[in-house]
Amino acid sequence: MIELPKDITPFVLVGDVIERLKDIPAKSINVIVTSPPYWGQRDYETKGQIGNEKTPEEYINKMLEVADELKRVLTDDGVYFLNIGDKYADKNLQMIPFRLAIEMQKRGWAIRNVLIWRKTNPMPSSIKDRFSNVYEPIFLFVKNPENYLTPDYYFDLDSVRIAHKTNGDGNHKSDLPLTLSIEEYDKLKDKISGNGNNYSGKFKSTNKINLGASPGARLSVFGEFYSRQRKNKIDANLELEIIKFIKEYRKKRGISTKEIDKLFGYKDTAGHWFRTDKGGRCLPKPEDWFKLKKILGIKEGKYDKIMIEEHYVLQTVKPHELGKNPGDVWDFATGKLQDAHFAIFPEELPKRAIVSCCPKSGIVLDPFVGSGTTLKVAKELNRKSIGIELQKNFLKIIEKRCGMIKVL
Ligand SMILES: C[S@@+](CC[C@H](N)C(=O)[O-])C[C@H]1O[C@@H](n2cnc3c(N)ncnc32)[C@H](O)[C@@H]1O
C-alpha cells in the first residue's frame with residue numbers, strides 16, 4: 001500500500017490500472033474523474049493497455065474489473081465521474097457506455113446523472129448517412145449501499161452554480177425572505193398574497209388544475225406562500241440515532257406500533273417511526289413528538305429542540321442568489337495539447353467535478369491519467385491527487401503540466 005499524499009503534490013502510480021489500484025488503501029479517495037481509453041479507438045502500443053479487446057463485451061468486462069477496484073478505494077460518500085465514448089461496429093452504435101453503466105448498477109453503483117458533454121468545437125464531419133456526433137456521456141456514479149434508497153454522498157452544488165442569464169426567469173420579483181421564524185411569519189402573514197384567493201389572472205375561470213407546473217404559473221395562481229417545516233436538518237445518522245432512542249423506550253414499554261397508531265388515530269404510520277432501514281423509516285412529525293414521548297414514558301429532553309423547532313419556508317421559486325444549477329448538459333470545447341497524441345479532457349470538466357464533489361481536504365483520483373489534466377486541475381484547486389498511467393513516457397508531459405510530481 002502506498003502512503004496517501006499529505007500535500008497537493010500530485011502522485012503518479014505507473015503501471016496497469018488494476019494492479020496499481022490495489023496499492024491504494026480502501027475508502028481513501030473522495031472523487032474519481034477519468035476518461036479511459038475508449039474501445040477500438042486508439043492503439044497506445046503498450047502491453048496491457050485497455051481498449052484493444054476483441055469485442056465490446058470483453059472491454060466492458062475489463063472496465064467492470066476496474067470499477068470494482070475503484071469502488072473499494074472510494075469513500076462511502078465518494079463520487080465517480082466517468083467520461084466514456086462509444087463506437088460504431090458495422091454501422092451499428094455499440095452503446096458501450098450505457099451497457100457498462102447498466103452493469104455497474106448491478107454491481108452496487110447508483111447512477112445520479114448521465115451528463116452530456118456537448119463539444120462546442122466538434123470535428124468537422126464528412127458523414128452523410130447519419131447525424132454527426134457532437135457529445136460524449138459522463139456518468140456520475142455513487143456507491144449504493146444496500147438498503148439505501150437515496151445514497152448519501154458529498155455534493156456541494158453551491159460551489160458550481162452558474163450566473164442566471166436574466167434575473168432568474170423573470171418570474172419572481174418578491175423581496176420576501178426565503179425563511180421566516182414562526183413569530184416573523186405571524187407578523188407578516190396578512191401581507192403575504194397567500195393562497196390565490198385574490199387571483200384575478202387569465203386562469204380565473206378554470207379549475208386551476210395543472211397550473212402549478214411552472215414557477216410563473218404557480219406564483220400568478222397561488223400568490224406567494226410559505227409552508228411550515230422542521231427547522232433543523234436531521235441527517236441520516238442523527239435520524240437513526242433518534243429512532244434507536246425511541247425504539248429502546250418502546251421495547252421497555254412493551255407497546256406495539258399498532259397500539260401507538262390507535263392512540264394517534266393513525267393507520268400504518270407509527271411502524272415507520274421505529275424502522276431502521278433507510279427506505280422505510282421516517283421520524284414523527286413535530287406536533288406528534290411530545291405525545292409520543294408521553295406514550296413511551298420518555299422524560300429526557302435531549303432531542304426535543306431538534307424534533308419540534310419549526311420555521312416557514314417560501315414556496316415560490318425564487319432565483320437562487322448564487323446562480324442556477326448548471327444542469328446536465330455541459331458545454332465545453334475539447335481539450336488540446338501538442339505533446340499528447342490522444343484526446344485530453346477540457347480542464348473545465350475535472351474542474352466542475354472536483355469543485356462540486358471533493359471536500360477541500362479530500363483526494364482526487366484519475367486512474368487513466370494520460371497527460372495529467374485531472375492532476376493539474378486538482379492542484380490548482382488545492383486538492384490532493386493521485387493518477388495512474390500505464391505509459392512511463394507520459395510522465396514528462398504530466399510533470400511539465402503539473403510542476404513537481406511524485407512518481408511511485
Ligand atoms: C484517453 S487517455 C486519458 C486522457 C486524460 N483524461 C487527459 O486529459 O490527458 C487514456 C489513458 O489511459 C492509459 N491506459 C490504457 N490502458 C491502461 C491500463 N491498463 N492501465 C493504466 N493506464 C492505461 C493510456 O495510456 C492513456 O494515457
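Helices (H or I, at least four residues) and strands (E, at least two) are DSSP runs, numbered from the N terminus. Residues are numbered from 1 along each chain as its sequence is written. The model is predicted: local features need pLDDT of at least 70, side-chain atom pairs count only at pLDDT 80 or more, and totals for chains, interfaces and linings use all residues.

**Whole chain.** Display the protein as a cartoon; it has 13 helices and 14 strands. Of its 408 residues, 27% count as buried (20 or more other C-beta atoms within 10 Å of a residue's own; exposed is 12 or fewer, partly exposed in between; C-beta atoms are placed from the backbone).

**Helix 12.** Select residues 373-380, which form helix 12. Seven of its eight residues are buried, so helix 12 is largely enclosed by the rest of the structure. The buried ones are T373, T374, L375, K376, V377, A378 and K379. Now show what covers them: the cover includes strand 2 (29-34), helix 11, strand 12 (363-366), strand 13 and helix 13 (395-402). After helix 12 comes N382, with a positive phi near 65 degrees.

**Helix 11 against helix 12.** Show side chains for P350, K351 and I354 of helix 11 and for T373, T374, V377 and A378 of helix 12, which make the contact (C-beta atoms, placed from the backbone, within 7 Å).

**Strand 13.** Move to residues 384-389 and pick I386, which lies in this strand. I386 is buried, with 30 other C-beta atoms within 10 Å. Which residues does I386 touch, not counting those up to four places away in sequence? They are P5, F11, L13, I24, I363 and L365. Draw a distance from the C-alpha atom of I386 to that of P10: the separation is 5.7 Å, although the two are 376 residues apart along the chain.

Note on methods. Axes are lines fitted to C-alpha atoms, for helices over the stretch in contact, and angles run from 0 to 180 degrees between N-to-C directions. Two residues are in contact if their C-beta atoms, placed from the backbone, lie within 7 Å.
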